[in-house]
Amino acid sequence: MTIHIKDVAYTRLKTSDLGAATDFASRILGLQPVERTVRCHGFRSNERAMTLSYEEGNPGENIVGFELGDEDELDRAAATLEAMGHVVRRGSREQCEQRCVRDFIGFRDAGGAQIEFAVGLEVSGNRVFYSRDAGITGFSHVGLFSNDPIRDEHFWTQVCNARVSDRVGELPLLRISQIHHSIALIPAPRSGVQHINHQVQSIDDVQRSFALLRKQNVPIVFGPGRHPTSGARFIYFEGPDGMVFEYSVGVNEVDEETYRERQFGFEPTSFCMWGAKPAIKELTS
Ligand SMILES: CC(C)c1ccc(C(=O)O)c(O)c1O
Ligand SMILES: [Fe+2]
């Protein structure tokens, strides 16, 4: 039984400096601060009540959450994962409240990444009140490290409902809707979230953030540039604990009937058609 993922929903990041991480998420990234406890600060970037949180802890232990359709699907997903040998834990009431979801399950994938599947994601009645005018329209995709992209591509496409849109070398860009991709698997000898993408309204927003990030001495690690894969114009920059953030605009949508996956070479022009070179070690070797 295929696990039917509807959307990528949230990331939960850990940090040793909650104050600095919170400052970055609001003042630099531009998200709206929402729930706040002594140890955990939440943020939102779209209609959902929370799409990103920072918590005190080991930065290597980050989590990505995906939305499933309903409780039955969640139960079926738990059974499928357990049959595959994964240890599946059910979220406690307190953990569900922290995530603003009705229910969720958590497990580690074969490479050790912490993945959650959730249902009943709370939506806010108020529109997002961004901390700065970055032009964000929403949280859109994640890059996940993978120490075995073939194995992990199999999980997302055969156990779950993802499809390959493109590959750059062994790096697949996977879609779970018409949007070109929601998950990128970045070959590396580690696991967890590699980058977090927010869509912005226009190329002007990308350029404006480029200027702001430079002024604020935030390390820019790629771009501005344009991906030949999704067609998006982008900029990547480094946040607390080495987490990479991406703003992009203009990601192509895929026609499921006619689209055929493409294979790009693992070279700089496959990542940027304007000539920018990534200063991200996993993309350069
Ligand atoms: C993982 C890399 C840097 C990548 C490649 C292509 C796209 C895209 O087509 O939009 C990305 O968003 C990426 O993050
Ligand atoms: Fe990306």
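This note goes through the predicted model point by point, from the whole chain to single residues.

1. Basis of the note. The model is predicted, and local features need pLDDT of at least 70, side-chain atom pairs count only at pLDDT 80 or more, and totals for chains, interfaces and linings use all residues. Residues are numbered from 1 along each chain as its sequence is written, while chains are lettered from A and ligands numbered from 1 in the order in which they are written.

2. Overall make-up. The chain holds six helices and 17 strands; helices (H or I, at least four residues) and strands (E, at least two) are DSSP runs, numbered from the N terminus. The radius of gyration is 18 Å, close to the 19 Å from the globule rule for 285 residues, so the chain is as compact as a globular protein of that length. That radius is taken over C-alpha atoms, and the globule rule is 2.2 Å times the number of residues to the power 0.38. Along the principal axes, the C-alpha atoms fill a box of roughly 45 × 45 × 35 Å.

3. Of the 285 residues in the chain, 45% are buried. A residue is buried if 20 or more other C-beta atoms lie within 10 Å of its own, exposed if 12 or fewer, and partly exposed in between, with C-beta atoms placed from the backbone. Among contacts with a separation of 6 or more, 64% come from residues 24 or more positions apart. Two residues are in contact if their C-beta atoms, placed from the backbone, lie within 7 Å.

4. Domains. The domain assignment gives domain 1 (5–119) and domain 2 (136–283); such bounds come from an automatic or database domain assignment. Their C-alpha centres lie 20 Å apart. The contact takes 26 residues from domain 1 and 30 residues from domain 2. On the domain 1 side, strand 1 (5–15) and helix 1 (18–28) each supply at least two residues, and strand 1 gives the most, with six residues. By class, that side of domain 1 has twelve nonpolar, eleven polar and three charged residues. Ala, Val, Leu, Ile, Met, Phe, Trp, Tyr, Cys and Pro count as nonpolar, Asp, Glu, Lys and Arg as charged, and the others, Gly among them, as polar.

5. Strand 9. Nine of the eleven residues of strand 9 (residues 136–146) are buried, so the strand is largely enclosed by the rest of the structure. Strand 9 runs antiparallel to strand 13, with eight bridges joining them; two strands pair if DSSP finds at least two bridges between them. In strand 13, Asn-197 is the bridge partner of His-141. With strand 12, strand 9 pairs in the parallel sense over five bridges. Leu-144 stands opposite Leu-185 in strand 12, and Ser-146 stands opposite Pro-187 in that strand.

6. Strand 12. Four of the five residues of strand 12 are buried, so this strand too is largely enclosed by the rest of the structure. Strand 11 (residues 171–175) pairs with strand 12 in the antiparallel sense over two bridges. Here Leu-174 has Ile-183 as its bridge partner in strand 12.

7. Ligand 1. The shell around ligand 1 has 15 residues, and the closest are Ala-184, His-227, Thr-229, Ser-230 and Ala-232. A residue is near a molecule if its C-beta atom, placed from the backbone, lies within 6 Å of it. Strand 12 (183–187), strand 13 (192–200) and strand 16 (244–249) each supply at least two residues of this shell. Seven of the shell residues are nonpolar, seven polar and one charged.

8. Met-50. This residue is found in the loop between strand 3 (40–44) and strand 4 (52–56). Met-50 counts as buried because it has 24 C-beta neighbours inside 10 Å. Its C-alpha atom is separated by 7.2 Å from that of Tyr-10, 40 residues apart along the chain. Not counting residues up to four places away in sequence, the residues that Met-50 touches include Tyr-10, Arg-99 and Cys-100.

9. Backbone points to check. Most residues other than glycine have a negative phi, and most peptide bonds are trans. The peptide bond from Gly-223 to Pro-224 is cis, with omega near 5°, and Pro-224 is found in strand 14 (residues 220–226). Cys-100 has a positive phi, near 60°. Cys-100 is found in the loop between helix 3 (93–99) and strand 7 (103–108) and is buried, with 23 other C-beta atoms within 10 Å. Asn-217 also has a positive phi, near 60°. Asn-217 is in the loop between helix 5 (203–215) and strand 14 and is exposed, with 7 other C-beta atoms within 10 Å.
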